[in-house]
Amino acid sequence: MRRGPETRRRERSLPGPCLSRPAWRAGTCLAPEDSRWAMAAVAEGLEPETAAVEDAVRDATDAADAGLGAPPLLVGNRLSLDLYPRGCHRLLHLCAQQVRQLLEVEFLRLSGHEDPQLLQATLARLPWSLPRLRSLVLKGGQHRDALGACLRGSLATLPASLSGLAHLAHLDLSFNSLETLPACVPQLCGLGALLLSHNCLSELPEALGALPALTFLAATHNRLQTLPTALGSLSTLQRLDLSENLLDALPPEIGGLSSLAELNLASNRLQGLPASLAGLRSLRLLVLHSNLLASVPASLARLPLLTRLDLRDNQLQDVPPELLDAPFVRLQGNPLGGPSPAPHSPPGTPVVPEMPRLLLTSDLDSFAVTPLGCSVTLACGVRLQFPVGATATPVTVRYRLWLPEPRLVPLGPHDSLLSGVLELQPHGVAFQKEVGLWLLFVPPRARRCREVVVRTLSDNSWSDLETHLEEEAPKRLWARCQVPHFSWFLVVSRPVSDACLVPPEGTLLCSSGHPGVKVTFPPGATEEPRHVRMQVVRVGSRELPALLGEPEAATSPLLYLSQRGPPSFLRPVTVQLPLPPGVTGLSLDRSHLHLLYRAPPAATWDDITAQVALELTHLYARFQVTRFSWSVPPRPPASSVPHPRPGLRTPLTPSLPRYWLWYTTKTCVGGLARKAWERLRLHRVNLIALQRRRDPEQVLLQCLPRNKVDSTLRRLLERYRGPEPSDTVEMFEGEKFFAAFERGIDVDADRPDCVEGRVCFVFYSHLKNLKEVYVTTTLDRRAQAVRGQVSFYRGEVPEEVPEEAGAARQKRGADAPWMATLPIKLPRLRGSEGPGQGAGLSLAPLNLGDAETGFLTQSNLLNVAGRLGPDWPAVALHLGLPYRELQRIRHEFRDDLDGQIRHMLFSWAERQAGQPGAVGLLVQALEQSDRRDVAEEVRAVLELGRRKYQEGIQRTSLAPGDLGPPGSSASQSAEPAQA
């Protein structure tokens, strides 16, 4: 029997002590809390609707009628609800009861982790329910992710009615998801302290200058790039903390802060300081460390009250004499006077040279490492640190960043790929000291009970390395690990893995993501120590009843267990799982409780309830096993087990035995579990096909998660246009699909990811899944426009792609390969436009590049010229052409845009013939001119040329056998790659 929500008990998990400052008094600013965390999950705020207030009040009234118990929350004039579960419900409950003490409340604390809509509804009532409120704290950060970092709250805005808090003097919105400052904040005329740290603010509004009583402003750990000029009108401001942002300059108006005593601008990108800082006559503390300052004004030494000036870790080579000897100035970490002289060493002491630093460009794919070590930054953003003595002899290291595809990306059923695949050669060569490796990755969207790890190939099997995360800037995250040798590396997000070494004395293994999941090993369970690993996957309880068509269905977390050693334990091992939500052990119907088990590669879930003795408590179910695997499933055919190459094993995750506790009234539980387990791994996506407004032959194809479609289209529709996105389809992580252009339209390029004119994709939920292609047609566009379409199909490209009519008939099929069809229109050509507009050119034969890195032929350059359009001057300037030459080209070909582009490009290419790095310079210029589409086209041509070159030298036995990724061979055709 399930318990209703009005009587359901919840376990409370109280965080650590609240870091409040009870010394707050009228007219006194709260000191900011010095919290520095590397990562935070950004929650999306929801705008409240008018009905939300009524619903919230109705819920609170119902709770009051049901006798919702609550501890004494009101202590004098303080109301602290940030550490209580459902704090908003409790406040609305008090408002519904019309507690008279609320009228005396002056200090209120709420958690930013509340439901966004409910939080908005609660805040909208404050001006009427708490009219004397003076301090409002709406902080996030009470919850932590698996790495221990504080999570940001979901607060993204504030209701406009908050401007009615006439007595509010202190507002703390730290650790939330604010991207803009709510409009009601500058209307709080009595506000004295405003805390905005650890949000997502990129700018502050000019209206901020309308706060006449503001004395303290903190906006650390945001994304501020500029400051409003109205900031200088805050004449009462005494403390300003803008550290850990992206500021590169300060407005001169900052010198108008006549009362400012403390200014913290540490860890920004400041390259200079305005002279108006000399007007801060009340300044006592100025912190400028960790910037890019190359000079500082001497007038800072004449500030009468300055007691500390922190200039550490900048780029200062020269400092005014007034500051150089001042006792309050800190200058450590600056290159004063140029390179620092080597310290005096005793006679006979060997001189240790400085470790070399290498910054590789895009045209280099190898570098040398000596016993002295080096620090290397690759063109793809990867960093390596070779310590002194890592190699005994010089070693040439080669690298390559592979586009992800299934044969290169070993993923478990609940893993997500966060990066490309990095290959480092020579493979298997052991270093005498471990090498540091930093990989850039995409921030994962889900972080609860998940962790980010670097996965590598070692001894013909994939394993996960101990990984540490570093944040260089917002949305620029690094995965750092130590590697003993080189192989393939990638970054994945997986469920948190807990492991232990079970001794003969026994031990207890608990899940760090879900404390209610435990495995108890009694003394004598094993004779020799053995390693045991556990993973727990949370199951969303909201979608399950709708998915299975049963309101009563509920499940526990999904438990994965594995161990190394003998298959059986000498004594029974006790496994504890929490009961499904809404179910308690005192009142449930045991006939509806099922313990399911699955051992891959079997696809079925077996009900083992009758084979174990389930012991039920109020909240948990326990059972005993002597082995994690109940039965050995029949071995599948060798062809059905995917292996990248002979002897290569995927991670252990797919083969872990799984336990799952279900509560359902239906009898066919195994079928329900299989359906739910597949749904856990599916991603809901939409497909889009857009054409560039200035060049309709350029088509952008992308597969997007459903919640990212609207924001992506808003960003793209300035340059692209096209039909509405497709209907929602479901895809697995790493699933292959392809796009087929139909009805007279075809792909206008020979691409490595194109098979028989079909563009191949691999879906990874955190990567862009985007490709831009150029299309053409054999139909006469001078007579009329060509109305074609692009269709998306699941799987690899078959020998015969279904016809359009056949695809339409298969739309309703459950297993149909067809997913969506979107229209593509090539407009009618006018005047002299047409595919043959370049015919008649007389240009000297030209090959740019070399055979190993790839050639760009005259035909390739003509194709690039045809894509540039009005963007050609920007490309020319980034190629290094002087502005005077651009003016000359414009004059000579003033009536011929195509002639301007071709003359610029070919005259540059002729000067670069035979020069190394010319192709890389062209790709870089295209990217800097915001023509990444053409740059990707050039890269695809080069990649195709490199592959043909390697295949050619392999046929003549001039190349080593190991030139490809795991699973590839010299004779194997190119696998479709994800761009």
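What you're looking at is a predicted model, so local features need pLDDT of at least 70 and side-chain atom pairs count only at pLDDT 80 or more, while totals for chains, interfaces and linings use all residues. Residues are numbered from 1 along each chain as its sequence is written, and side-chain values use heavy atoms, with hydrogens and water left out.

Let's start with rings that meet other rings. Rings of Phe, Tyr and Trp (for Trp, its six-membered ring) pair if their centres lie within 6.5 Å; planes under 30 degrees apart count as stacked, over 60 as edge-to-face and the rest as tilted. Searching the whole structure turns up 12 aromatic pairs. One of them is Phe521 with Phe569, a tilted pair with 5.7 Å between centres and 50 degrees between planes. This pair links distant parts of the chain, 48 residues apart: Phe521 is in strand β28 (residues 518–521), and Phe569 is in the loop between β31 (558–563) and β32 (573–578). Strands (E, at least two residues) and helices (H or I, at least four) are DSSP runs, numbered from the N terminus.

Now find Trp660 and Trp662, an edge-to-face pair at 5.3 Å centre to centre, with 75 degrees between the planes. Trp660 is buried at 0%, and Trp662 is buried at 0%.

Finally, look for a charge over a ring: NZ of Lys or CZ of Arg within 6 Å of the ring centre and within 35 degrees of the ring normal. Arg598 lies over the face of Trp677, 4.2 Å from the ring centre.

Terms used:
Buried means under 20% relative accessible area, exposed over 50%, partly exposed in between (1.4 Å probe, protein chains only).
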